[in-house]
Amino acid sequence: MKKIIKVILYLVLLLATVLLIAGSFIQFSALPTYKVEMSEHLKNLQVSKDSANVVRGERIAAMLCVKCHMGTDNKLVGKKVLDMPKEFGDIHSYNITQDKEAGIGKWTDGQIIYFVKTGIKPDGSYAPPYMPKFPLMADADIESVVAWLKSDRPNVQAAKEVQPKNKPTFLIKFLCRVAMKPLPFMENITAPDSTNQVASGKYLATAVLGCFQCHSENFKTNNEINPEKSVGFFGGGNPLLDLEGNVLKSQNITFDKTSGIGKYSEQDFMTTLKTGHRPDGTTTRYPMEPYTLLSDNEVKAIYAYLKTVPVISNQN
Ligand code: HEC
Ligand code: HEC
């Protein structure tokens, strides 16, 4: 009997030692790095920098990138991101101006696209989920964002300010070893024709504007490659943070009549999305910010698409 207890004791000690070593390995090692596997096409890509393309990219970036990267002097020099879970530590977005040292002035067009879609930087390092990825965005759309980043617009001109380097916490390091991995690179994606209302609404709500990311159950159980496989797809409940760090759950935006937006007419939806004013007189709070730049047709397409999403009953 005594022998058995001794054996168990040794085993427990052994396990504890193994865990301790694994833990310190994770704690003291850097984040894993990855191979940059860019196609020849992507390596040589020079996106069109004509003004139409810049205007197109500027509009997309205004809805997707500027909020997180806008720093002082109206330049995209990065800043402390306030609505980050505390477990992630102090997180700063980085300088993405054209400065060759402080910003991304040395990155080729293809390297920027590869990064925004996969999360892998030119040096093989990986940006954890506090920098969102856009794997399903159509080539023409992401290319236009690059055209804007390299344009003569004042907010992307070289600026020297640098942010403190993010120090991933143990949790982030642990998750980056076991769960959070770069996304596969997908190219040759074309956006659906705008005459196909449901398909273009789906493209906007999943691939570009990431509505499903906030509006499904939790970032941890979202599926970025197959958005429909995200747990509680569009059923809301994702615990998000406002700028003071208070939890605010996302709303159910499936067409459930009581807990979702089943009673919203197309016009109600349009007003809520573009102005933030709900039919009941309340206003949507941060991080749900009005999408003032969307055209009426785009909002109608998103509405038409959401109507096709399986209804979930989930009161938040
Ligand atoms: C939710 C906030 C957020 C949004 C939205 C966002 N970013 Fe970022 N971005 C970050 C953070 C945080 C980092 C730093 C990641 C790290 O620690 O490596 C980052 C890093 C980057 C980098 C790498 C810079 C470097 O020197 O390593 C680039 C390029 C970039 N973002 C471009 C974009 C573009 C383009 C968009 C829009 C399509 C965008 N970001 C949207 C938060 C954001
Ligand atoms: C950054 C996360 C985030 C993103 C991205 C986001 N939302 Fe929201 N949304 C929220 C939160 C949080 C609320 C709840 C706000 C509140 O309760 O004041 C909300 C509320 C709403 C509402 C109001 C629902 C109601 O019950 O009245 C609608 C409609 C909506 N979002 C649609 C969208 C659409 C469409 C998109 C994409 C174009 C989108 N949201 C993108 C976080 C987000």
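I began with α10, whose buried residues pack against α11. Those buried residues are F269, M270, T272, L273 and K274. I take buried as under 20% relative accessible area, exposed as over 50% and partly exposed as in between, with a 1.4 Å probe and protein chains only. Just after α10, I noted that G276 takes a positive phi of about 85°. Further along, P287 sits in the loop between α10 and α11. A cis peptide bond joins Y286 to P287, with omega at about 10°.

**Ground rules**

I am working with a predicted model, where local features need pLDDT of at least 70, side-chain atom pairs count only at pLDDT 80 or more, and totals for chains, interfaces and linings use all residues. Residues are numbered from 1 along each chain as its sequence is written, chains are lettered from A and ligands numbered from 1 in the order in which they are written, and side-chain values use heavy atoms, with hydrogens and water left out.

**The whole chain**

I looked up eleven helices and two strands in the protein chain. These elements are DSSP runs numbered from the N terminus: helices are H or I with at least four residues, strands are E with at least two. From the N terminus on, the order reads α-α-α-α-α-α-α-α-α-β-β-α-α. The C-alpha atoms fill a box of roughly 75 × 50 × 35 Å along the principal axes. Of the 316 residues, 45% count as buried. I call it a contact when heavy atoms are within 4.5 Å. Among contacts with a separation of 6 or more, 64% come from residues 24 or more positions apart.

**Aromatic rings**

How many aromatic pairs does the structure hold? I have ten in my notes. Rings of Phe, Tyr and Trp (its six-membered ring) pair if their centres lie within 6.5 Å; planes under 30 degrees apart count as stacked, over 60 as edge-to-face and the rest as tilted. The ring centres of F255 and Y303 are 5.3 Å apart and their planes stand at 75°, so I logged this pair as edge-to-face. It links distant parts of the chain, 48 residues apart: F255 is in the loop between β2 (247-249) and α10 (266-275), and Y303 is in helix α11 (residues 296-308). Both F255 and Y303 are buried.

I also found F212, F233, F234 and Y305 linked into a cluster by ring pairs. F234 lies in the loop between α9 (211-215) and β1 (239-241). F234 has a positive phi of about 65° although it is not a glycine. Buried or exposed? F234 is buried, with a relative accessible area of 0%.

**Two more residues**

N188 is in the loop between α7 (170-178) and α8. Its phi is near 60°, a positive value in a residue other than glycine. N188 counts as exposed, at 68% relative accessibility.

Q197 belongs to helix α8 (residues 197-208). Because its relative accessibility is 35%, Q197 counts as partly exposed. Leaving out residues up to four places away in sequence, Q197 touches K300, A301 and A304. The C-alpha atoms of Q197 and K300 are separated by 7.8 Å, though the two residues are 103 apart along the chain.
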